[in-house]
There are 2 protein chains.
Amino acid sequence: MRSGHLTVIYLWLYALFAATAAQAQSDPLPSWNDNVAKQAIVEFVQATTDNTKPTFVPPEERIATFDQDGTLWVEHPMYSQVIYCLERVPALVKEKPELKDIEPFKTVLTGDREAIAKLPMADLEKILAATLTGMTVDQFEAEVSKWIASAKDPRWKRPFTELTYQPMKEVLGYLRDNGFKTYIVTGGGQDFVRVYSESTYGIPPEQVVGTAGGTTYGYGKDGKPFLTKDPKLLLNDNNAGKPEGIHLMIGKQPIIAFGNSTGDKEMLEYTEAGDGPRLSVLVLHDDAKREYAYGPANGLPETKVGTFTQELYDEAIKDGWIVISMKNDWRRVFAD
Amino acid sequence: MRSGHLTVIYLWLYALFAATAAQAQSDPLPSWNDNVAKQAIVEFVQATTDNTKPTFVPPEERIATFDQDGTLWVEHPMYSQVIYCLERVPALVKEKPELKDIEPFKTVLTGDREAIAKLPMADLEKILAATLTGMTVDQFEAEVSKWIASAKDPRWKRPFTELTYQPMKEVLGYLRDNGFKTYIVTGGGQDFVRVYSESTYGIPPEQVVGTAGGTTYGYGKDGKPFLTKDPKLLLNDNNAGKPEGIHLMIGKQPIIAFGNSTGDKEMLEYTEAGDGPRLSVLVLHDDAKREYAYGPANGLPETKVGTFTQELYDEAIKDGWIVISMKNDWRRVFAD
């Protein structure tokens with residue numbers, strides 16, 4: 001019976017190996033620890049894609065929306081787009097020298113970070129308007145392309161587009177592999193994010209909803225038409241503006257949505273408001289070592305960039321939303 | 001040598017039959033006569049999808065935009081959406097009886113078509129605002145769904161959604177089969193067209209760009225959130241509003257576009273403005289027998305609904321756009 005025993009052992013080893021290999025191969029979220037958050041996402045995808053279940057959702061209704069700053073990539077100490085705007089000021093002053101002695105451009109030109117950080121919101125808005133509007137759509141795209149390819153985050157000394165969260169990129173891919181259409185719904189500028197969304201997240205420009213201004217159609221001297229970016233705001237894609245923007249740009253309610261701050265609250269509520277299975281998820285930045293820690297939910301430090309209030313945390317828990325602990329739920333934060 | 005002769009004849013007959021069968025099977029546009037318009041569309045698709053040619057366009061840039069009224073379905077004697085608004089007035093007055101004696105609602109309630117046709121634009125705008133805004137997004141969708149399923153065109157006594165142009169539906173399918181993403185870009189209401197775009201044209205709501213108003217996010221007594229349609233106009237998707245809307249909602253330039261009136265001029269110019277192969281197409285309604293005839297281009301009758309001016313016709317010819325003669329280029333207009 002010795003050879004019989006060996007056969008059993010071989011079969012058992014083979015089965016063990018095969019199962020492990022299959023699990024390793026098929027784990028769609030390898031950068032996640034096997035906690036509640038990962039389980040909830042996997043169960044949601046299984047429930048909505050299995051057409052033998054009453055929770056099945058047809059592919060055309062599988063809409064997934066993701067906030068960007070703080071949900072898909074780093075937003076601290078300051079939103080990348082604001083850094084872009086500040087770094088554009090020297091080039092702007094070169095084009096319009098009269099701005100050199102006018103505030104807030106004068107302060108920005110000094111490079112004094114402390115003074116710049118203290119600029120009031122009205123001054124910041126002047127800088128945003130001057131650097132995000134007034135040029136043609138094509139010029140803007142070229143300027144952002146050039147900047148995003150060379151600018152570096154001061155802490156990690158790496159391009160901003162490399163500071164995306166690997167666990168969230170796995171979620172994007174996992175959802176797409178299961179027939180979901182993934183959208184970015186960002187408070188950031190729609191035209192800004194569209195420049196790098198495809199190469200960074202695999203999300204094409206037409207699936208980016210963001211804060212958007214108007215444009216004006218006109219003709220050049222050669223008779224060729226072009227669009228100029230206006231300072232007129234069409235959509236402030238924050239807070240209630242997120243569901244309003246989703247209706248305007250997509251016309252369907254998401255069934256799964258990810259955010260990380262109070263500005264995402266209404267998008268998550270709107271996601272939950274429909275019938276059938278729904279999942280709302282918030283990223284909590286509680287990992288000062290690997291990234292940043294801010295709240296003030298759960299006693300985390302206060303912040304003005306990506307505020308996650310205790311009130312939002314309580315609403316999430318009460319309504320059965322998932323709160324991701326970056327520290328405990330993510331095996332790693334970045335790709336390497 | 002007799003049997004050799006027979007073999008040759010058989011082979012020749014077989015080749016002839018096979019070629020005819022293949023052609024019949026593969027003709028993507030069977031409702032089109034083999035004129036310039038059909039040839040231009042087929043040549044454009046072949047040029048942009050053959051990756052051995054310098055004119056190849058990668059799938060993500062194959063954006064095709066279509067005006068709706070007069071390009072995809074009948075717009076005469078009046079846009080379907082305006083008929084919807086007029087037919088909504090009795091239900092509206094039932095909800096708000098104080099409107100009964102107020103103009104222009106009073107005139108609409110009389111049912112006097114001649115008087116209704118004479119209402120000034122400002123009055124028509126009051127009717128549009130009262131019937132297209134003020135309700136929740138879900139209520140509006142339910143009302144339009146119900147109406148579109150039962151309302152009938154007075155001439156053909158058939159639902160409006162059956163009065164789509166069969167040749168254009170073939171173009172939509174042909175482009176999609178070749179990796180193009182097809183969009184409706186309409187002066188009509190975005191929320192209105194989205195209700196039936198998928199079932200009528202195979203175009204999902206998120207690929208409908210139209211005239212759009214804002215919405216306001218709020219909560220019901222049960223705490224459940226909903227969106228209410230505002231009278232505030234965000235996008236007037238006509239004329240220059242078409243390229244502006246395309247930039248806002250898609251963020252890419254079309255490489256092929258179809259329209260039928262002066263309101264589509266800027267969309268077609270914008271389509272032509274990019275590099276690489278481009279095709280702009282206009283439908284000319286010169287078929288009073290099978291549909292309608294109006295211009296005033298080419299001496300066709302004047303109209304206020306879907307005006308195609310001589311100036312637009314001349315621009316089209318000068319710039320190498322294709323003008324479809326409904327009468328000569330379409331083998332049939334409707335599916336049956």
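1. B:Phe308 is located in the loop that runs between β6 (279-284) and α13 (310-318) of chain B; helices (H or I, at least four residues) and strands (E, at least two) are DSSP runs, numbered from the N terminus. The model is predicted: local features need pLDDT of at least 70, side-chain atom pairs count only at pLDDT 80 or more, and totals for chains, interfaces and linings use all residues. Residues are numbered from 1 along each chain as its sequence is written, chains are lettered from A and ligands numbered from 1 in the order in which they are written, and side-chain values use heavy atoms, with hydrogens and water left out.

2. With a relative accessible area of 1%, B:Phe308 is buried, a term that means under 20% relative accessible area, against over 50% for exposed and in between for partly exposed (1.4 Å probe, protein chains only). Leaving aside neighbours within four places in sequence, B:Phe308 is in contact (heavy atoms within 4.5 Å) with B:Asn260, B:Thr262, B:Leu282, B:Val283, B:Leu284, B:Gly295, B:Pro296, B:Ala297, B:Tyr313 and B:Val323. From B:Asp69 it is 239 residues away in sequence and 13 Å away in space, C-alpha to C-alpha.

3. B:Thr164 belongs to the loop between α7 (137-150) and α8 (166-177) of chain B. This residue is buried as well, its relative accessible area being 4%. Its contacts, leaving aside neighbours within four places in sequence, are B:Leu72, B:Trp73, B:Lys169, B:Thr200, B:Tyr201, B:Val333 and B:Phe334.

4. B:Gln81 is part of helix α3 (residues 80-95) of chain B. Its relative accessibility is 15%, so it counts as buried. Not counting residues up to four places away in sequence, B:Gln81 touches B:Leu132, B:Gly188, B:Gly189 and B:Phe192.

5. Turning to chain A as a whole, its secondary structure consists of 14 helices and 7 strands. The C-alpha atoms occupy a box of roughly 95 × 40 × 40 Å along the principal axes. Of the 336 residues in chain A, 52% are buried. Among contacts in chain A between residues at least 6 apart in sequence, those joining residues at least 24 apart make up 63%.

6. Helix α12 (residues 265-272) of chain A is largely enclosed by the rest of the structure, because 6 of its 8 residues are buried. The buried residues are A:Glu266, A:Met267, A:Leu268, A:Glu269, A:Tyr270 and A:Thr271.

7. Chain A is assigned domain 1 (28-77 + 159-336) and domain 2 (78-153), with bounds that come from an automatic or database domain assignment. The centres of the two domains, taken over C-alpha atoms, are 26 Å apart. Domain 1 of chain A gives 26 residues to the contact and domain 2 of chain A gives 21 residues.

8. Between them, domain 1 and domain 2 of chain A bury about 2,100 Å², 71% of it on carbon and sulfur atoms; buried area is the accessible area (1.4 Å probe) that two parts lose on being put together, summed over both. On the domain 1 side, A:Phe160, A:Phe192 and A:Lys229 lose the most area to domain 2, together 39% of what that side buries.

9. Which polar links join the domains? The interface has 7 residue pairs in polar contact (both at pLDDT 80 or more). A polar contact is a pair of N or O atoms within 3.5 Å; within protein, one must be able to donate a hydrogen and the other to accept it, and residues adjacent in sequence count only if both atoms are side-chain atoms. Across this interface of chain A there are 0 salt bridges, a salt bridge being a side-chain nitrogen of Lys or Arg within 4 Å of a carboxyl oxygen of Asp or Glu.

10. On the side of domain 1 of chain A that touches domain 2, β2 (181-189), α9 (190-194) and β4 (225-235) each give two or more residues. The largest share, 6 residues, comes from β4(A).

11. Between the chains, the contact takes 33 residues from chain B and 33 residues from chain A. Together chain B and chain A bury about 3,000 Å², 55% of it on carbon and sulfur atoms. The count of salt bridges between chain B and chain A is 4. In one salt bridge, the side chains of A:Glu206 and B:Lys252 meet at 2.9 Å, N to O.
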